[in-house]
Amino acid sequence: MQFEAKENGFVTHLSYGDLHVSGDEQYGFRPYQLMVSSIAVCSSGVLRKVLDKMRMPCSDMKVTAEVVRNEEMANRIEKIHLHFIISGENLQEEKVKKAIETSHKNCPMVQSVRDSIEITDSFEIVS
């Protein structure tokens, strides 16, 4: 990836469009938003695959991310709590819990930050 400086941030040109990144939301995505998005979406994608392999495919999934940042340390991300809302047939609570644990172990983004950002999770199964 190549990033080019612009007046209020940076831009990279990708096959599906341009990605604008800036410390000011007015001009692009903030870096911490991209990091949290990467972790949440990667975890969710791996979770879907794990549930499929466990023969518990989900028909819908949403994930929310609550972020704790430390203002005294350059506003670094300290903790991300992921809450999965999963719909599907035959979803068993204990197996979903195990699937989430497995997804964290196999998610490249979670593994990339595992010693610096605390990742916690919760879930609910809805019909």
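Among contacts in the protein chain with a separation of 6 or more, 53% join residues 24 or more positions apart, where contact means heavy atoms within 4.5 Å. The structure is a predicted model, in which local features need pLDDT of at least 70 and side-chain atom pairs count only at pLDDT 80 or more, while totals for chains, interfaces and linings use all residues. Residues are numbered from 1 along each chain as its sequence is written, and side-chain values use heavy atoms, with hydrogens and water left out.

The protein chain contains three helices and six strands, arranged from the N terminus in the order β-β-β-α-β-β-α-α-β. These elements are DSSP runs numbered from the N terminus, with helices (H or I) of at least four residues and strands (E) of at least two. Along the principal axes, the C-alpha atoms fill a box of roughly 50 × 35 × 25 Å. Buried residues make up 31% of the 127 in the protein chain; the term buried denotes under 20% relative accessible area, exposed over 50%, and partly exposed the range in between (1.4 Å probe, protein chains only). The chain exposes about 8,400 Å², of which carbon and sulfur atoms supply 49%. Accessible areas were computed by the Shrake-Rupley method with a 1.4 Å probe, and for residues only the protein chains shown count as cover.

Within helix α1, Ser44 is buried, because its relative accessible area is 10%. When residues up to four places away in sequence are not counted, Ser44 touches Met61, Val63 and Phe84.

Arg55 occupies the loop between α1 (31-53) and β4 (60-70), and its relative accessibility of 72% places it in the exposed class. Ala74 belongs to the loop between β4 and β5 (76-87) and is likewise exposed, at 76%.

At the surface, Met1, Phe3 and Phe10 form a nonpolar patch with about 360 Å² of accessible area together. Patches comprise residues with over 30% relative accessible area and no salt bridge, nonpolar side chains (Val, Leu, Ile, Met, Phe, Trp, Tyr) being joined within 5 Å and like charges within 9 Å. A salt bridge is a side-chain nitrogen of Lys or Arg within 4 Å of a carboxyl oxygen of Asp or Glu. Met1 lies in the segment before β1 (4-6) and is exposed, with a relative accessible area of 73%.

Arg69 is positioned over the face of Tyr32, 3.9 Å from the ring centre; the criterion is NZ of Lys or CZ of Arg within 6 Å of the ring centre and within 35 degrees of the ring normal.
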